[in-house]
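Visitor: I would like to learn how to read a model of this kind, feature by feature. Could we look at it together, starting with how its parts pack?

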Amino acid sequence: MTREQLRTASDHLRQASEAATDDELVERLHDQSNQFARLATADSGPDHGRLARHLNALSEMREQGGNDVKEHIDAAEAAITAYRETVEGV
């Protein structure tokens, strides 16, 4: 089962990593993109806690990037939030 919102988040984070100029930020965004690609096709979806940790990390990365990076992180966060609304629990 593919979770399209998480795939979309992965795509935006990949684009953010390509737009970033700081090597550490590039690596962190690329890692987040890979994690969301795996979560999009995993047997079961992530829980609220895991998604919250990702959102916190992305919030921190947004402050380190330029406008293009921020736009892609914002789009990724919107996709993650849309998916999170479908997750039962908290």
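Visitor: How are H2 and H3 oriented to each other, roughly parallel or roughly antiparallel?

Guide: Please keep in mind throughout that this is a predicted model. The general idea is to compare the N-to-C directions of the two axes, and an angle over 145 degrees counts as roughly antiparallel. Here H2 and helix H3 (residues 48–62) pack at an angle of about 155°, with their axes 11 Å apart, and therefore H2 and H3 are roughly antiparallel to each other. The crossing in which H2 passes H3 is left-handed.

Visitor: Which residues of H2 and H3 make the contact?

Guide: On the H2 side the contact is made by Leu-25, Arg-28, Leu-29, Gln-32, Gln-35, Phe-36 and Leu-39, while H3 contributes Arg-50, Leu-51, His-54, Ala-57, Leu-58, Glu-60 and Met-61. Sorted by class, the contact of H2 with H3 has eight nonpolar, three polar and three charged residues.

Visitor: At what angle do H1 and H2 pack?

Guide: Helix H1 (residues 4–19) and helix H2 (residues 23–41) pack at about 165°, and their axes are 8 Å apart. That angle makes H1 roughly antiparallel to H2, and the crossing of the pair H1 and H2 is left-handed. In this contact Leu-6, Arg-7, Ala-9, Ser-10, Leu-13, Arg-14, Ala-16 and Ser-17 of H1 meet a set of H2 residues that includes Val-26, Leu-29, His-30, Gln-32 and Phe-36. The residues of the contact of H1 with H2 divide into 10 nonpolar, seven polar and two charged.

Visitor: How do the axes of H1 and H4 cross?

Guide: The axes of H1 and helix H4 (residues 67–84) come within 8 Å and cross at roughly 165°, which makes H1 roughly antiparallel to H4. H1 passes H4 in a left-handed crossing. The residues that meet include Leu-6, Ala-9, Leu-13 and Ala-16 in H1, and Val-69, Ile-73, Ala-76 and Ile-80 in H4. By class, the contact of H1 with H4 has 13 nonpolar, five polar and one charged residues.

Visitor: What does Gln-32 touch?

Guide: Gln-32 is found in helix H2, and at 8% relative accessibility Gln-32 counts as buried. Beyond four places in sequence, Gln-32 touches Leu-13, His-54, Ala-57, Leu-58 and Met-61.

Visitor: Is Asn-56 buried or exposed?

Guide: The term exposed applies over 50% relative accessible area. Asn-56 lies in helix H3 and is exposed, with a relative accessible area of 56%. Asn-56 and Ser-33 are 23 residues apart in sequence and 15 Å apart in space, C-alpha to C-alpha.

Visitor: Finally, how many helices and strands are there in the protein chain?

Guide: The protein chain has four helices and zero strands, and along the sequence the pattern reads α-α-α-α. The radius of gyration of the protein chain is 12 Å, close to the 12 Å that the globule rule gives for 90 residues, so the chain is as compact as a globular protein of that length. Taken along the principal axes, the C-alpha atoms fill a box of roughly 35 × 20 × 15 Å.

Visitor: What percentage of the 90 residues in the protein chain do buried residues make up?

Guide: Buried residues make up 39% of the 90 residues. To read how the chain folds back on itself, one can look at contacts between residues at least 6 apart in sequence, of which 70% join residues at least 24 apart.

Note on methods. Residues are numbered from 1 along each chain as its sequence is written. This is a predicted model: local features need pLDDT of at least 70, side-chain atom pairs count only at pLDDT 80 or more; totals for chains, interfaces and linings use all residues. Side-chain values use heavy atoms; hydrogens and water are left out. Axes are lines fitted to C-alpha atoms, for helices over the stretch in contact, and angles run from 0 to 180 degrees between N-to-C directions. Helices (H or I, at least four residues) and strands (E, at least two) are DSSP runs, numbered from the N terminus. Angles under 35 degrees count as roughly parallel, over 145 as roughly antiparallel, 65 to 115 as roughly perpendicular and the rest as oblique. A crossing is left-handed if the near helix is turned anticlockwise from the far one by less than a right angle, and right-handed if clockwise. Contact means heavy atoms within 4.5 Å. Ala, Val, Leu, Ile, Met, Phe, Trp, Tyr, Cys and Pro count as nonpolar, Asp, Glu, Lys and Arg as charged, and the others, Gly among them, as polar. Buried means under 20% relative accessible area, exposed over 50%, partly exposed in between (1.4 Å probe, protein chains only). The radius of gyration is taken over C-alpha atoms; the globule rule is 2.2 Å times the number of residues to the power 0.38.
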